[in-house]
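Hi there,

Here is the structure I promised to pass on. Please open it alongside this email.

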Amino acid sequence: SELIRGFLLSGMPCPSSCPPGLLALMAPGLALMATFSLPSQAGDRRALPVEKPPGVKGRTLILLDVNTKSPVRIISENFLSLQLDPSIIHDGWLDFLSSRRLVTLARGLAPAFLRFAGKRTDFLQFHNVKNPAKSRGGPGPDYYLKNIVRSDIALDKQKGCKIAQHPDIMLELQREKAAQMHLVLLKEQFSNTYSNLTLTARSLDKLYNFADCSGLHLIFALNALRRNPNNSWNSSNALSLLKYSASKKYNISWELGNEPNNYRTLVGRSVNGSQLGKDYTQLRSLLQLIRTYSRAHLYGPNIGRPRKNVIAFLEGFMKVAGGTVDAVTWQHYYIDGRVAKVTDFLKTRLLDTLSDQIRKIQKVVNTYTPGKKIWLEGVGMTSAGGMNNLSDSYAAGFLWLNTLGLLASQGIDVVVRHSFLDHGHNHLVDQNFNPLPDYWLSLLYKRLIGPKVLAIHVAGLQRKPRPGRVIRDKLRIYAHCTSYHNHNYVRGSITLYIINLHRSRKKIKLAGTLRDKIVHQYLLQPYGKDGLHSKSVQLNGQPLAMVDDGTLPELKPRPLRAGRTLVIPPLTMSFYVVKNVNALACRYR
């Protein structure tokens, strides 16, 4: 392939390393080939359809540099966070959160928030009862239930973290129970008729034990649908839960409700934004009366997709409670899980749908409370519980990694993944407690990506498009300072992460400040004959699996010699740590 002599700096002054007369040498075929990590007000950057110069064949060489002087965004240390759905009470998985294997997997993603919320949040009732067996439905304690209770008693005798090793027979019985409950939960979800759930004091203990042992900070969403005759929030049950949590000195942040703009569909009773704002103000006053939670964080309103009526809801909420919440939250699902296809996860148009939502939310928040942090909570690749062998496969990772890159580059402070473990197929860990592809992707992200987002500058060549065809970016490149928690790399190193949606390999030449540096490659590809449908992955050619219940595998990089061109295989996701850049933006926390 021919070497590109030009280098395009997107609106930036030419660095000192550029030779004189550089712009005059640039070929007319130069075009932007990546999604830029730039401030949101700069707008979307699209690939420019241009003709390639004569003599250039099908191959493309892309030149890439990073602005190392200062970050364009700084996100939370807990940027990638997790969610558990209250359905785990219904299907029984809550009783197994003390599993050593689950705790090990969750610890791998710390530090993070653990949000306990979902569709069933507003059907959850707290009961401070001591005997969990009596609070359960069903004919009475069978063999399975007796063993769960016995394991609870054994855990209560432990000090500190309560970790259990559940016998295989108990896990097998639980999977059978969960499979039966899965059908019930799906029926409720599709009919929008949800039954009430009871959270006992012992269940709350198990939930908090899991979060605390895993290094996660628990965020608990209270039931907002308990209403007085005048439609104001009835806080009596929430107060009981708050008092119990305070008596145990549990460090918890709080929310109120889940997707409140959808209450009319759920129960035929609506709550508008200003009323929910008053309810949040009431909850804040309640927290201030309890010493343990007088300074607790409060997040909301966790609205759904920002359509016109939802934006009006958010505006009403912000007018009343914009100063009450510590971050404004909303949620997003890309595809209806009932109709999703593997090709959907490769569509750039789908990947770009989130950008418009971010702008709408930011516009409202900045109108009422400029600078207020914004979180995307409850994000999933598909709705309706997902689809087996699809939303839990390697293919779903393209959406997940692009979501992380896009949100960070637009300044969204935290993204909460739905879900760590649940009854559907959007989770990170399956019911055999085996990590799925998105778990390994998230683990790599946590190990390699720091909170400082850097601007990238790309130049390359692109084939001539067919007449009338819209060209969208199929090569997504993001850059951050390497995580300070990763002691394999000195401060000042930079991590790139790249999504190649092309069906051909792409070549990237590091330029400017990245030129002639040693690079560590972490290439994530599907493992096995199922291809994009695979639920197993390989890192640099080696399959990833837990060593044992208490040990995650070592994530070994493939060192690339200094100055080597990066070759990105088709339909893959990869991370590249550029060592010893000594980037000014990355030297200090």
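Below are some notes on its cores and one of its sheets.

This is a predicted model, where local features need pLDDT of at least 70 and side-chain atom pairs count only at pLDDT 80 or more, while totals for chains, interfaces and linings use all residues. Residues are numbered from 1 along each chain as its sequence is written, and side-chain values use heavy atoms, with hydrogens and water left out.

The largest nonpolar core has 135 residues, and F220 and W254 touch the most other members. A nonpolar core here is a set of buried Ala, Val, Leu, Ile, Met, Phe, Trp, Tyr and Cys residues joined through side-chain atoms within 4.5 Å; buried means under 20% relative accessible area with a 1.4 Å probe, protein chains only. Helix 14 (residues 396–409) gives the most to this core, 9 residues; helices are DSSP runs of H or I, at least four residues, and strands are runs of E, at least two, numbered from the N terminus.

Leaving out residues up to four places away in sequence, the contacts of F220 (heavy atoms within 4.5 Å) include F116, L124, I252 and W254. Another core, of 26 residues, lies apart from the largest one, with V458 and L514 among its members.

Now the sheet: 4 strands make an open, mixed sheet in the order 15-1-18-23, pairing being at least two DSSP bridges between two strands. Strand 15 (456–459) and strand 23 (566–568) are the edges. Strand 1 (residues 61–66) runs antiparallel to strand 15, joined by 4 bridges, and L63 stands opposite A459.

Best wishes

Methods: Buried means under 20% relative accessible area, exposed over 50%, partly exposed in between (1.4 Å probe, protein chains only).
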